[in-house]
Amino acid sequence: MMTVQANKTATDIDQIDLDAPIFDPTAFRLNDEQAGIIATARELGQTVFAGRAAAYDREAKFPTDNYRDLHSAGLLGIAVPRKHGGLGANFQTYAIAAAEIGRHCGATALTWNMHVCSTLWSGPLADDLEMDAATRDEHERRRAVHYKRIVEEGAVYSQPFSEGGAAAAGGVAFGTEAKPVKGGWLVNGKKIFASLSGHADYYGVLCTEIAEGEKASRRNTLYLALPAKADGVSVVGDWDPLGMRGTVSRTLLFKDVYVPEDAALMPRGVYFQAAMRWPHMFLTLSPTYVGLAQAAYDFTVRYLRGEVPGTPPVKRRMYPTKQIAVAQMQIKLEQIKAIWFQAITEARANPTKEQVLRAYAAQYSAMEGANEIATLAIRTCGGQAMLKSLPLERIYRDSRCGSLMLPWTAELCLDRIGREALYETGESDD
Ligand SMILES: Cc1cc2nc3c(=O)[nH]c(=O)nc-3n(C[C@H](O)[C@H](O)[C@H](O)COP(=O)(O)OP(=O)(O)OC[C@H]3O[C@@H](n4cnc5c(N)ncnc54)[C@H](O)[C@@H]3O)c2cc1C
């Protein structure tokens, strides 16, 4: 098994003859520490994950070996604060590292996002939110339990919140319920499209705490880590989708699952506060697709130069139509990178309206743009390039899934940008 040390410098790694980084550290003003973490992800992606991606996709199999390597490289704890043994990466560093992994294996990057969010949301993001001193102390004690499992034991967390109704889009309270009982909660409900089903050690479930005599409210959302092996947890249904096949996003059922209070990844009320005040928390599904956009472009350039191994050495780069298509792809890629880099750089509590609209626009641009670039790549490279023996057709299928991801689907981004640009908070036409 190959392992990569997260303490290698970006320069060490560049000597291995890797592809250029998606975001050059000098051009994008990343510091050495950021560049080192991102370079570790880039090396692992290109030298290890790329070679395994086709089999995970073909068999719709979870990338278990990749997770072992992510743990060895310290990347399961990328966003875990340093004082808890993690790499202490901020939002921007994580996002760029995830794009580098998405460039080589979409399913690994997307599922890694679900895992990392359990530490990013409970970590740097929660640190930005309001809590009284006692609640913060309690949160600090609890998150240390989760972080120790991740950093020391390689525990993998997932993030099932979709239920098939309006809850995952943020419209209503989650239907999965947590009933307070002595020392913890009893959880009942169902989550669909739960990536890492049957493979995560803990399911980070978003659910509604039931308060006697009160209507279910989004304010009472809890974020609880349910052990996958707990009594009452089951995985049902099959998984044979168009793309992102290695995510194994099956259905989870919870029947009277008891969890103690330490299962809380965020204190009461803090998830709701985060969703209101830290909206970029929902931008974390996009890095995978920035990586896929880069991958489609890289493939096209290599293919037209006759440099893709296993393909006939037919050079087609001299045709003006090919050159124009590559130019269009490069322009689209740079547009995605520019708006996305700006949005991940300004992720913070209480962003301005302009920053929130830009975050929606960045999400839309990455999710729709990755598939537009992959579509152009197939048209430009031609029939021999879309065989299953080459990665382009997988990149195309994986990239199609981005705009479906709630809560910021492409449609919902359009919906919000249009409404929020035309109406101030509280304004109506009545
Ligand atoms: C590969 C993959 C992995 C996934 N992994 C996870 C995971 O780990 N955890 C998780 O929680 N979910 C996950 N999802 C689920 C994803 O976020 C969506 O919830 C899922 O695609 C559900 O689709 P749906 O058709 O049921 O959505 P629906 O809720 O039926 O929505 C269909 C479409 O209608 C639009 N829409 C929805 N609500 C509104 C509204 N209020 N106003 C206007 N338009 C609206 C949206 O554009 C949406 O795409 C995953 C999905 C995929 C494809």
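## The shell around the ligand

The residues around the ligand divide into 10 nonpolar, 7 polar and 1 charged. Here Ala, Val, Leu, Ile, Met, Phe, Trp, Tyr, Cys and Pro count as nonpolar, Asp, Glu, Lys and Arg as charged, and the others, Gly among them, as polar. In all, 18 residues surround the ligand, each with a heavy atom within 4 Å of it. The closest are Phe161, Ser162, Phe193, Ser195 and Glu411.

A word on the model: it is predicted, with local features needing pLDDT of at least 70 and side-chain atom pairs pLDDT 80 or more, while totals for chains, interfaces and linings use all residues. Residues are numbered from 1 along each chain as its sequence is written, and side-chain values use heavy atoms, without hydrogens or water.

## Polar contacts and cover

Let's look at the polar contacts (pairs of N or O atoms within 3.5 Å). A polar side-chain atom of Glu411 is 2.5 Å from a ligand oxygen. Ser195 places a side-chain N or O atom 2.8 Å from a ligand nitrogen, and a polar backbone atom of Gln159 lies 3.1 Å from a ligand nitrogen. The protein buries 72% of the 970 Å² that the ligand exposes when taken alone (Shrake-Rupley method, 1.4 Å probe).

## Helix α3

Helix α3 spans residues 64–72; helices are DSSP runs of H or I, at least four residues, numbered from the N terminus. Its buried residues are Asn66, Tyr67, Asp69 and Leu70, buried meaning under 20% relative accessible area with a 1.4 Å probe and protein chains only. Seen down the axis, they fall within an arc of 160 degrees, so they line one face of α3.

Their cover includes α2 (32–59), α4 (91–102) and α5 (106–127). Just after α3, Gly74 has a positive phi of about 85 degrees.

Key
Polar contact = N/O pair within 3.5 Å; in protein donor to acceptor, adjacent residues only side chain to side chain. Buried < 20%, exposed > 50% of the residue type's maximum accessible area, 1.4 Å probe, protein only. Helix = DSSP H or I, 4+ residues; strand = E, 2+ residues; numbered from the N terminus. Arc of directions from axis to C-beta. Contact = heavy atoms within 4.5 Å.
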